[in-house]
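This briefing is for a reader meeting the structure for the first time. It starts with the order of the elements and then turns to one pair of helices.

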Amino acid sequence: LIKTGQASLGDVPADIRSAVAESLAASTEISKKGKDAIGQATVVMDYIDQADGQISGFTTGVIGIGSAMIPGTPAYNLARTIDTIKANGGFQARQAMRDASPTGGALGQVSEQENRLLQATLGSLDIGHGEEQLRANMAKVRQHFSNLVAILSAGPGATATIREDGKVVITGGK
């Protein structure tokens, strides 16, 4: 019941609580929250791959900005794909703040401006950038989600280190 999130360790009788805690610590299974986060990160990486195929000189920069408001144009399609990526990044940032809060309520109402700033925490994904800059920023966001999946999949006892290129390397673990 604990592993599926239907009970907490506090629900376990005190005389066997430490044995259950040790068993959970030794478990190589990923929690439901971890599995959900991995699934969401994978979806975002799929959208990043889709956006990468949409980036061109006609969908970015001045030309991209000019045609992004016209439905059906390649720039419009890229802008909507980027909206999806940014929304997921913003949701992830808000959830991380909630998880880090002792009460789980780190954020109250979030204004539109605050939401845009949260979405930009991973990198600026704006079609107004030139093609090269947008691809570089998109690669950083993809690396973030790839690192997240690696860390969540690592299991107990693993050590994560960040290389100079920003990639997380996992060693050890079960």
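Read from the N terminus, the elements of the chain follow the order α-α-α-α-α-α-β-β. That gives six helices and two strands. The model is predicted.

**The chain as a whole**
- The chain has 174 residues, and 25% of them are buried.
- Of the contacts between residues at least 6 apart in sequence, 51% join residues at least 24 apart.

**How H2 and H6 pack**
- Two packed helices are described by the angle between their axes and the distance between the axes.
- Helix H2 covers residues 32–54 and helix H6 covers residues 131–153; they pack at an angle of about 155°, and their axes are 9 Å apart.
- Because angles over 145 degrees count as roughly antiparallel, H2 is roughly antiparallel to H6.
- The crossing of the two helices, H2 and H6, is left-handed.

**Residues in the contact**
- On the H2 side, the residues that meet H6 include Gly34, Ala37, Ile38, Ala41, Val44 and Met45.
- On the H6 side, the residues that meet H2 include Arg135, Met138, Val141, Arg142, Phe145 and Ser146.
- Sorted by class, the contact of H2 with H6 holds 13 nonpolar, three polar and four charged residues.

**Helix H6 and what follows**
- H6 has 23 residues and spans 33 Å from its first C-alpha to its last, close to the 33 Å expected at 1.5 Å a residue.
- Buried residues of H6 are Leu134, Asn137, Met138, Val141, Phe145, Asn147 and Val149.
- Met138, Val141, Phe145 and Val149 are buried and are also among the H6 residues that meet H2.

Technical notes. Residues numbered from 1 in each chain as written. Predicted model: local features only at pLDDT ≥ 70, side-chain atom pairs only at ≥ 80, totals over all residues. Heavy atoms only, no water. Axes fitted to C-alpha atoms, helices over the stretch in contact; angles between N-to-C directions. Helix = DSSP H or I, 4+ residues; strand = E, 2+ residues; numbered from the N terminus. Parallel < 35°, antiparallel > 145°, perpendicular 65-115°, else oblique. Left-handed = near helix turned anticlockwise from the far one by under 90°. Contact = heavy atoms within 4.5 Å. Nonpolar A, V, L, I, M, F, W, Y, C, P; charged D, E, K, R; others polar. Expected span 1.5 Å × (residues − 1). Buried < 20%, exposed > 50% of the residue type's maximum accessible area, 1.4 Å probe, protein only.
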